[in-house]
Amino acid sequence: MITKEEFEKAVEVCTNSDMNCEQCPLNKKIYKCGVFFTRYIKENEPAPVIKNTPSAECNTNTIYENAKITDVSLGIGDHCCLTFSITLKGSGWGASFGGYNLAFFNGTSFEGSEKGLEALTRIMDVVGVAKWEDIKGHYVRVKQQNRLVVGIGNIIEDKWFEPREFFKEIENG
């Protein structure tokens, strides 16, 4: 988790055109900035009471639905991090899944790990394809908690990829 000071500094860097990722306290973390911001807000704001059937976790509504993958991307954005994004379309809803930092590249140096490559490989295995670009157009099961997509699963087999669990050992290591 990040501190309030790191959160405020990261927001300042992201919103100031005179600053760049090198000055960000999150630039070498496993996740993309947006994931840290979301987690920080979620952990520091009171959770809404959900009236639907909750899972074992308090205030968590877990939903499983089918969705079509309508777009995929893999790239190094403005934040110097190699990230993936999978766009999902369900019945009456759409979401983006991904944003995890798989590697850090600032134009001159590269820092990555086997976990980033393994994450991409596991996603392709779950979807049932041999090439990343073939993911688009396939259907998956989607696991949502509090309206946030937390995992994708094979449409037929009991095979799942949940990045929070997958990257947890690196974060705790």
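Arginine 147 sits in the loop between strand 6 and strand 7, and that loop is a friendly place to begin a tour of this predicted model. Strands here are DSSP runs of E with at least two residues, helices are runs of H or I with at least four, and both are numbered from the N terminus. The model is predicted, so local features need pLDDT of at least 70 and side-chain atom pairs count only at pLDDT 80 or more, while totals for chains, interfaces and linings use all residues. Residues are numbered from 1 along each chain as its sequence is written, and side-chain values use heavy atoms, with hydrogens and water left out.

- Arginine 147 has a positive phi of about 65°, although it is not a glycine.
- Arginine 147 is exposed, with a relative accessible area of 76%; exposed means over 50%, buried means under 20%, and partly exposed is in between, using a 1.4 Å probe and protein chains only.
- Asparagine 146 lies in the loop between strand 6 and strand 7, and its phi is also positive, near 50°, in a residue other than glycine.
- Asparagine 146 counts as partly exposed, at 27% relative accessibility.

**The chain as a whole**

- The protein chain contains 4 helices and 8 strands.
- Along the sequence, their order is α-α-β-β-β-β-β-α-β-β-β-α.
- Of the 173 residues in the protein chain, 36% are buried.
- The protein chain exposes about 10,300 Å², with carbon and sulfur atoms supplying 51% of that area; the Shrake-Rupley method with a 1.4 Å probe gives the accessible areas, and for residues only the protein chains shown count as cover.
- Among contacts with a separation of 6 or more, 51% are between residues 24 or more positions apart; a contact means heavy atoms within 4.5 Å.

**Helix 3**

- Helix 3 covers residues 114-127, and at 1.5 Å a residue its 14 residues should span 20 Å. The expected span is 1.5 Å times one less than the number of residues.
- The end C-alpha atoms of helix 3 are 20 Å apart, which agrees with that expectation.
- Several residues of helix 3 are buried, including Lys115, Gly116, Ala119, Leu120 and Ile123.
- Just after helix 3 comes glycine 128, which takes a positive phi of about 95°.

**The nonpolar cores**

- The largest nonpolar core has 26 residues, and Phe84, Ile86, Leu88, Ile123, Trp132, Ile135 and Ile152 touch the most other members. A nonpolar core is a set of buried Ala, Val, Leu, Ile, Met, Phe, Trp, Tyr and Cys residues joined through side-chain atoms within 4.5 Å.
- At least two residues of this core come from each of strand 1 (62-76), strand 2 (81-90), strand 3 (93-98), helix 3, strand 6 (139-145), strand 7 (148-154) and helix 4 (163-172).
- Helix 3 gives the most to this core, with 6 residues.
- A second, separate core of 5 residues includes Ala10, Met19, Cys24 and Leu26.
- Leaving aside neighbours within four places in sequence, leucine 88 is in contact with a set of residues that includes Ala67, Ile69, Trp93, Phe97, Val140, Val142, Val149 and Ile152.
- In soluble globular proteins, nonpolar side chains tend to be buried together.

**Salt bridges**

- The count comes to 6 salt bridges, where a salt bridge is a side-chain nitrogen of Lys or Arg within 4 Å of a carboxyl oxygen of Asp or Glu.
- Lysine 131 and glutamate 133 meet through their side chains in a salt bridge of 4.0 Å, N to O. Lysine 131 is partly exposed at 45% relative accessible area, whereas glutamate 133 is exposed at 52%.
- Lysine 159 and glutamate 157 form a salt bridge of 3.6 Å, N to O, and Asp125, Glu157 and Lys159 are linked in a network of salt bridges.
- Lysine 159 is partly exposed at 24% relative accessible area, and glutamate 157 is partly exposed at 46%.
- Glutamate 165 pairs with lysine 168 in a salt bridge, with the closest N and O atoms 3.5 Å apart. Both residues lie in helix 4, 3 residues apart, about one turn of the helix.
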